[in-house]
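Here is a friendly tour of one model, taken a piece at a time. Please keep the viewer open as you read.

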Amino acid sequence: MLTKGELTGAELREIRQSALGTADPLGVAAGLAEAVDAGRLADRDDAGFALLVAAEIAESRSKLDAALKYVERAVEAYAGRDDGEAGAARALRARILFRGGREDEAIAELEALRPLLGSQADAPAYISAALAAGGRHQVAEEWLTEAVRVALAERSADGEKAAEPRNPEDAGVLFFLLQQRHRVRHIIGRQHDAHDNLAERLESRLAVAGAAAGAEAADDLLFWPQAEFARLVEQWPELTEAYGATWDEHRARLERAMVRAPGGTLLEGKVDGLAAFAAKNDGTPADAKTRAGYADRLAAGAGHIAWPPERNGACWCGSGNKYKKCCLPRSRG
């Protein structure tokens, strides 16, 4: 059963993971809705997520009327938002409508979400899952194919980007489109085409990059606060290749790295500390091995940065803004 106290975002995520293993999952779903009604959320912005979880639980037990009631409340709670959680709630509503035989309404909901395929990294997955619930794998393939075509055309029109992405990070949202399209086509037994081959090349490059990053993982996860970053690139401009040309790019790289490898540890670097370490070890900050050694020394200490923070908590980067408004969206860029 749920605690009678306030539910935090972390507790809601834990409930999402564990509810189906409890003795009374539907009771948990009802408890989440009651918590929303009673104002027992640590952050009222989590109301939509709590109701989304309740809807997922009810749907998993084929209680479609209850699931639809919860998800419609979730969609209402997300009104005015256009992020991944809001889109996922509407896609879940479509999925439940499909299962309830209301196909026209489900398709209309997903048609309204279709433009998100080209702008949100998680949209290809949740839209495809909803279409699959209605047996519309072919429609999912058509939509994903069109979104891939548009994204590649936009790359070709951008003179600063290569026609083919160099790696998943360079591909951005296109990477997730290609991945999901590749999965859908596999499900329906389609022959490989050029887009499937590109998806596999990017996935292979991601795997190779992940293996190669092992030796330098600590260096990659060095975080330079804004003032330190400015000093760093002023003293050693060549380090923009390792850490990004701007502080925004630096934070985005780290956020994406943590999302892809959540077992990593963010370490706060100091320019004076790096310089002193390099001098003591007859090295130079421009050398990756020197920076990795400095990161190893930091890792042995207590200066680790907690990640991820609560969505509505202070961002890990020290900007003073909420995580959900600061670095969390950077992982989707």
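## The sheet

Strand β2 (residues 266-268) runs antiparallel to β3, and 2 bridges join them. Strands here are DSSP E runs of at least two residues, and helices are H or I runs of at least four, numbered from the N terminus; two strands pair if DSSP finds at least two bridges between them. Leu266 has Ile305 of β3 as its bridge partner.

The open sheet has 3 strands in the order β1-β2-β3, with mixed pairing. Because β1 (222-223) and β3 (304-305) each have a single partner strand, they stand at the edges, with one side of each left without a neighbour in the sheet.

## About the model

This is a predicted model, where local features need pLDDT of at least 70 and side-chain atom pairs count only at pLDDT 80 or more, while totals for chains, interfaces and linings use all residues. Residues are numbered from 1 along each chain as its sequence is written, and side-chain values use heavy atoms, leaving out hydrogens and water.

## The nonpolar cores

The largest nonpolar core holds 64 residues. Such a core is a set of buried Ala, Val, Leu, Ile, Met, Phe, Trp, Tyr and Cys residues joined through side-chain atoms within 4.5 Å, with buried meaning under 20% relative accessible area (1.4 Å probe, protein chains only). Leu7, Ile15, Leu32, Leu110 and Ile127 have the most contacts inside this core, and helix α3 (residues 47-60) gives the most to it, with 10 residues.

A second, separate core of 30 residues includes Leu221, Val233, Leu239 and Met258.

Conventions: Buried means under 20% relative accessible area, exposed over 50%, partly exposed in between (1.4 Å probe, protein chains only).
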